[in-house]
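Colleague: I am new to reading protein structures, and a whole chain is a lot to take in at once. Please pick one spot, walk me through it slowly, and then show me what surrounds it.

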Amino acid sequence: MKIKSTEMRPLFHAVVVFAISIASLSAGNILLKVGMDRFGALTGSGVPTMQALVKSPQLPIGIVLMTIQFIGTLTLFKWGWDASVVIPIMGLCYVGTAILGKWMLNEPVNAMRWFGIFLIILGVIFVARSVTQAKVP
């Protein structure tokens, strides 16, 4: 009788879900910022709220991306990953958002912010190294 090994499969799937979740939340945050800037400018110039929403497609797209991250987090919990692992690793979205903010929005990221980003990455490395394997239900 041959027993099929699935030990690496849950870890591989989890890494994919983490990557998609972190990327979608980072991009979603940037789109919400762009959309709200546009929405605010439109409503400030007298455009009715519903028209401003239609003319700010970044808002619903950002919400969809954030929903993808939420579903990813729920999936990881369903697969038995501990909250004390999932939530800190999702902290990498702060790194992604800062990099995208600098790159796409020309936001200033000074040395203190880069140091904070470094600390987040360091913390995620410590948390990730503490994981032996997720509990598979």
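Modeller: Let's begin with isoleucine 30, which touches Thr97, Leu100, Gly101, Met104 and Leu105, leaving aside residues up to four places away in sequence (a contact means heavy atoms within 4.5 Å). Keep in mind that this is a predicted model, where local features need pLDDT of at least 70 and side-chain atom pairs count only at pLDDT 80 or more, while totals for chains, interfaces and linings use all residues. Residues are numbered from 1 along each chain as its sequence is written, and side-chain values use heavy atoms, with hydrogens and water left out.

Isoleucine 30 sits in helix H1 (helices are DSSP runs of H or I with at least four residues, strands are E runs of at least two, and both are numbered from the N terminus). With a relative accessible area of 5%, isoleucine 30 is buried (buried is under 20%, exposed over 50%, partly exposed in between, using a 1.4 Å probe and protein chains only).

The structure has two aromatic pairs, and one of them joins phenylalanine 18 to tryptophan 81, edge-to-face, with 5.9 Å from centre to centre and 90° between the planes (rings of Phe, Tyr and Trp, the last by its six-membered ring, pair if their centres lie within 6.5 Å; planes under 30 degrees apart are stacked, over 60 edge-to-face, the rest tilted).

The axes of H3 (residues 58-78) and H4 (residues 83-90) come within 10 Å and cross at roughly 155°, which makes H3 roughly antiparallel to H4 (under 35 degrees is roughly parallel, over 145 roughly antiparallel, 65 to 115 roughly perpendicular, the rest oblique). Gln69, Thr73, Leu76 and Phe77 of H3 meet Ala83, Val86, Ile87 and Met90 of H4.

Finally, step back to the protein chain, with six helices and zero strands. Buried residues make up 31% of its 137 residues. Among contacts with a separation of 6 or more, 71% link residues 24 or more positions apart.

Notes: Axes are lines fitted to C-alpha atoms, for helices over the stretch in contact, and angles run from 0 to 180 degrees between N-to-C directions.
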